[in-house]
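The exercises below are meant to be worked with the sequence and the coordinates open side by side. Each task is followed by a solution that goes step by step.

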Amino acid sequence: MFGKIKISDKIFWTGVNDRRKALFENIWPLPEGVCYNSYIIVDEKTALIDTVDFSAGRSFLDTVEKHLEGKTLDYLIINHMELDHTGEVSGLLKKYPEIKIVGNINTRRIFESYFGATSNFLDVGKGETIDLGYHRLGFVMTPWVHWPETMMTYDRTEKVLFSGDAFGTFGALNGGIFDDEIDFNFYEGEALRYYSNIVGKYSGMVQKAFAKLAGVEIKCICPTHGPVWRDNPKTIIDLYDRWSRYEADEGVVIVFASMYGNTENIADYIARKIAEAGVKNIRIHDVSKTHISYLIRDIWKYRGIILGSCSYNAEMFPAMEHLCREITHAGLKNRKSGIFGTFSWNGGGVKNLRKFAEDIKWEQVAEAVEFKGIPADGDYSKCDALAAAMAREINSKIP
Ligand code: FEO
């Protein structure tokens, strides 16, 4: 369909776009689609690096065959076993029964649980290299980014890093495949949504991967999702480094849970006061309306987080409870927090939000605010204090 997409003389992109799937991993919405990148090296020996999701495979095997131009496929390198990248393995095994599967011991364990025992497996987990002729491949073990077997393939000849999910983004490739062919502003929000929801929990392991890559010259990054970084790979390296160190932008996210609008009114009031104090980046989300992946993304992005919940059956609102559980699961650190809510007939919202903030060790910038029923005019002094404290915390220039 595309013709040949050259990464270099012997390396080609063999990925596919997927604009049909509604939910990635059957959880995460894909309004802009997604792509599954695969790469083939056609040298004296040939190697395919990762495959694609079966549902989007369509002509994938034909594409591989066309690139091989009559040669056989010698190696299938599996940087990551998740099925969005191994969907075409069964087809390849049928077509190229002599193919050598390349991975590490965890790859093999997972591979055999999905595709059956193989005697044709090459374990490269201990520093082995593969010589293709002109290209010489090394392998960097980067476990838990974001599965236990994840690794990266590094072409020592042309300094190309095949990074698996690391440095990936949501979003199909709309014609432009390389970073110099796209406006990355279109992808950046989806890149962070991908990072924060798929990889973020393993940020510590991302930092370990960075340590292993220190000093490695990288001219081009070929991830399994999103654009290929041949012009300025530092852009996505710097973003991933920053996100995995939990660094955040100046701004405040307010997420509220409200049944009849009273808790929402308080959210608007607090936001207005923060804006009056001089903070420009403020996002308000209704936890019942906005998909949690966008909430997690914005919470990853901004330094200030204010959560507000009505009470529901003497607990916090169920959707807010879900959000708190996911944030805890992700282990996000270094955020300034505030809490507010409404008591209804027996409380539970603020009480449990406070416990969440204590458990996750987020600093609370001011006393939690709780209203019984509808707050009266003149009743908002604690909201004023919360807004002022939050504004000062995230912008040191605010007095
Ligand atoms: Fe893109 Fe973890 O699979």
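**Exercise 1.** Classify Glu 367 as buried or exposed in this predicted model, and identify the residue whose side chain meets that of Glu 367 in a salt bridge.

*Solution.* Begin with the accessibility: Glu 367 has a relative accessible area of 56%, and because exposed means over 50%, Glu 367 is classed as exposed. Next, look for the partner: the side chains of Glu 367 and Lys 382 meet in a salt bridge, with 3.4 Å from N to O, and this lies within the 4 Å that the criterion asks for. Lys 382, at 42% relative accessibility, counts as partly exposed.

**Exercise 2.** Determine which residue forms a salt bridge with Asp 180, and describe where the two partners lie.

*Solution.* The partner is Arg 230, the closest N and O atoms being 2.7 Å apart. Asp 180 sits in the loop between strand S15 (160–164) and helix H6 (184–199), and Arg 230 in the loop between S16 and H8, 50 residues apart. Both ends can then be classified: Asp 180 is partly exposed at 39% relative accessible area, and Arg 230 is partly exposed at 35%. The loop between strand S16 (220–223) and helix H8 (234–244) also holds Asn 232, whose C-alpha is 8.0 Å from that of Asp 180 although the two are 52 residues apart in sequence. Asn 232 is likewise partly exposed, at 36% relative accessibility.

**Exercise 3.** Which residues of helix H5 are buried, and why can they be said to line one face?

*Solution.* In H5 (residues 105–115), the buried residues are Thr 107, Ile 110 and Phe 111. Seen down the helix axis, the buried residues fall within an arc of 105°, and therefore they line one face of H5. The buried residues pack against helix H4 (89–95), strand S10 (100–103) and strand S11 (121–123), while the face turned away from the buried side carries the exposed residues Ile 105 and Ser 113.

**Exercise 4.** How many disulfides does the whole structure contain, and what are the sulfur distances for Cys 324 and Cys 383?

*Solution.* The search finds zero disulfides. For Cys 324, the nearest cysteine sulfur, that of Cys 310, is 12 Å away; for Cys 383, the closest cysteine sulfur is also in Cys 310, at 15 Å, which is too far for a bond. Cys 324 is buried, with a relative accessible area of 4%, and Cys 383 is buried at 0%.

Definitions and conventions:
Residues numbered from 1 in each chain as written. Predicted model: local features only at pLDDT ≥ 70, side-chain atom pairs only at ≥ 80, totals over all residues. Heavy atoms only, no water. Helix = DSSP H or I, 4+ residues; strand = E, 2+ residues; numbered from the N terminus. Buried < 20%, exposed > 50% of the residue type's maximum accessible area, 1.4 Å probe, protein only. Disulfide = S-S within 2.5 Å. Arc of directions from axis to C-beta. Contact = heavy atoms within 4.5 Å.
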